[in-house]
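User: I have a structure open and I'm new to it. Can you walk me through it?

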Amino acid sequence: MDFSRSSEVELKYKQTRDFASAELNGDVIERDSNSVFPIELWKRCAEHGVLSWFMPEAYGGGGHSALTTSYLLEALGHGCCDNGLTFALGAQLWSVQKSILQFGTTDQIERYLPGFMKGTIKGAFAITENGSGSDAFALTTTAQRDGDSYVLNGEKCMITLAPVADVAIIFAVTNPDAGQWGLSSFLVDTRTKGLRQSDNIPKMGLRTVPFGNITLNNCRVPVTCLLGSEGSASSIFNYSQSWERSLVLAPQLGAMQRLIDQSITFSKQRMRSGQSIGKFQSISHRIANMRIRLETSRLLLYKTAWLLDTGKQSVTEAAIAKTHISEAFVATCSDAIAIHGGSGYLTETEVERQSRDALGATIYGGTVDIQRNIISGMLGV
Amino acid sequence: MITIDSIKKYVTTTLLEGHTDPLEEDQDLLISGVLDSINVMKLAGYLEQECGITIPPEDIVLENFSTLEQMHRYVVERTGMKPGV
């Protein structure tokens with residue numbers, strides 16, 4: 001296992017962090033307050049290469065490994081204070097783009113990947129329904145074959161990017177007698193007749209990424225929209241989740257570094273009883289704990305990325321990384337608020353927003369409880 | 001060379017510890033829920049390790065993994081081995 005990086009990648013880290021810091025943070029407090037999706041910044045990120053780094057060179061991508069891409073996404077999170085934006089970019093990259101790349105036909109790949117990489121189209125991964133969630137395969141949305149078409153009916157809920165997506169991977173039941181093995185997935189253009197996207201649904205954190213429902217009412221799509229073979233949706237889901245769980249929190253490593261930097265600066269400037277508050281162990285130990293969490297989080301994520309690059313199974317490692325990093329991010333935000341005291345509770349300090357955003361990480365991509373089920377299940381418990 | 005019996009032994013002793021009903025070679029293990037998602041992932045990992053192959057995610061479907069017989073046939077085709085007993 002080797003996590004060393006070339007000078008070229010280190011330079012790219014600095015360029016990405018500086019790009020994010022200079023161009024992505026302008027009105028982040030207002031964006032968060034008004035739940036505004038920064039579409040122009042999404043496009044700027046795409047122009048910078050964020051949605052291309054991992055894509056194969058044959059399709060115009062950067063051809064970087066998962067490990068290098070994760071490191072660059074960490075740089076993005078280090079510079080960008082908008083966790084909603086960085087989360088949404090990762091969600092599309094690992095759930096949508098990677099699934100199409102792995103399971104799509106050449107036609108499907110060539111139709112969608114260039115637009116994703118350029119930032120001209122956005123994709124949603126639509127599996128969750130009101131009655132599913134953690135029981136991911138308990139779906140009621142149906143896709144009935146009718147000649148050269150499938151007719152889709154049902155509703156998807158709490159889907160990242162749903163209100164603004166141009167295409168969605170829709171999971172539906174094609175064989176009701178086969179349980180999870182009777183599920184199929186479809187690449188559906190959101191302009192298709194019978195598909196309706198909801199408005200953004202307000203939420204606690206990650207407010208800059210729109211979140212919503214997709215309703216399918218006799219939505220007819222050609223059989224060429226089938227992603228993978230009929231009945232392969234559970235494999236697509238498990239595969240995409242192993243990538244998303246492993247890598248979607250890479251920007252949060254950068255966010256944790258940013259919180260440490262901010263807390264150190266504050267603890268040196270803030271004076272109490274004639275000395276900086278950093279001299280008090282209640283403060284310095286918190287910062288030390290933040291650093292310990294960041295180090296362990298980095299090692300777990302880099303290891304999982306390395307396993308993915310080498311094609312080795314990483315089910316357990318992905319679940320461990322997802323659980324540890326999301327909980328480390330929450331704890332780090334709590335420590336940052338404690339270090340900043342009353343000012344940490346104020347919107348203008350921007351720590352409270354990080355804390356609201358962090359809680360989402362323990363839920364999306366499979367809750368930490370589900371991750372623990374996977375870890376214990378893989379241990380045979 | 002992997003055999004149907006060695007796959008059956010892994011399934012019964014490692015995945016279904018305590019499972020007492022005998023498994024038939026043509027018995028469905030997936031739709032019936034005998035093997036859950038985690039067990040299927042563990043089984044794929046086992047077959048990859050034992051046979052020195054990579055199982056692409058798109059191959060983990062009913063046609064290849066529903067029964068012990070199908071799993072064995074899939075692995076044999078994937079490795080180019082002659083079928084074992």
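**Arg258(A) and onward**

Analyst: Arg258(A) is buried, with a relative accessible area of 11%; buried means under 20% relative accessible area, exposed over 50%, and partly exposed in between, with a 1.4 Å probe and protein chains only. This is a predicted model, in which local features need pLDDT of at least 70 and side-chain atom pairs count only at pLDDT 80 or more, while totals for chains, interfaces and linings use all residues; side-chain values use heavy atoms, with hydrogens and water left out. Residues are numbered from 1 along each chain as its sequence is written, and chains are lettered from A and ligands numbered from 1 in the order in which they are written.

User: Where does Arg258(A) lie?

Analyst: Arg258(A) lies in helix α8 of chain A, residues 250-269. Helices (H or I, at least four residues) and strands (E, at least two) are DSSP runs, numbered from the N terminus.

User: And what is Arg258(A) in contact with, leaving aside neighbours within four places in sequence?

Analyst: Gly77(A), His78(A), Cys80(A), Cys81(A), Asn83(A) and Gln354(A) are in contact with Arg258(A), with neighbours within four places in sequence left aside. Contact means heavy atoms within 4.5 Å. Cys81(A) is 177 residues from Arg258(A) in sequence, and their C-alpha atoms are 8.5 Å apart in space.

User: What about Arg298(A), buried or exposed?

Analyst: Buried, as the relative accessible area of Arg298(A) is 14%. Arg298(A) has its place in helix α9 of chain A, residues 281-310. Leaving aside neighbours within four places in sequence, Arg298(A) is in contact with Glu74(A), Leu253(A), Gln257(A) and Arg291(A).

User: Next, Ile109(A). Which helix is that in?

Analyst: Helix α6 of chain A, residues 106-118, holds Ile109(A). Ile109(A) counts as buried at 5% relative accessibility. Its contacts, leaving aside neighbours within four places in sequence, are Tyr59(A), Ile100(A), Leu101(A), Gly104(A) and Pro114(A). Gln97(A) and Ile109(A) are 12 residues apart in sequence and 8.7 Å apart in space, C-alpha to C-alpha.

User: Zooming out, how many helices and strands are there in chain A?

Analyst: Chain A has 12 helices and 10 strands. Of its 381 residues, 58% count as buried. Its C-alpha trace spans about 80 × 45 × 45 Å along the principal axes.

User: What radius of gyration does chain A have?

Analyst: Chain A has 21 Å, which agrees with the value near 21 Å that a compact globule of 381 residues would have. The radius of gyration is taken over C-alpha atoms, and the globule rule is 2.2 Å times the number of residues to the power 0.38. Among contacts in chain A with a separation of 6 or more, residues 24 or more positions apart account for 75%.

User: Which residue other than glycine has a positive phi near 50°?

Analyst: Asn218(A) is one, with phi near 50°. Asn218(A) is found in strand β7 of chain A, residues 211-222, and counts as exposed at 52% relative accessibility. Ser35(A) also has a positive phi, of about 50°, although it is not a glycine. Ser35(A) is in the loop between α2 (28-34) and α3 (39-48) of chain A and counts as partly exposed at 26% relative accessibility. Most residues other than glycine have a negative phi.

User: Now chain B. What does its secondary structure come to?

Analyst: Chain B comes to four helices and zero strands. The radius of gyration of chain B is 12 Å, close to the 12 Å that the globule rule gives for 85 residues, so chain B is as compact as a globular protein of that length. Buried residues make up 52% of the 85 residues in chain B.

User: Where is Ser66(B), and what does it touch?

Analyst: Ser66(B) is in the loop between α3 (62-65) and α4 (68-79) of chain B. At 10% relative accessibility, Ser66(B) counts as buried. Not counting residues up to four places away in sequence, Ser66(B) touches Gln27(B), Asp28(B), Leu29(B) and Leu30(B).
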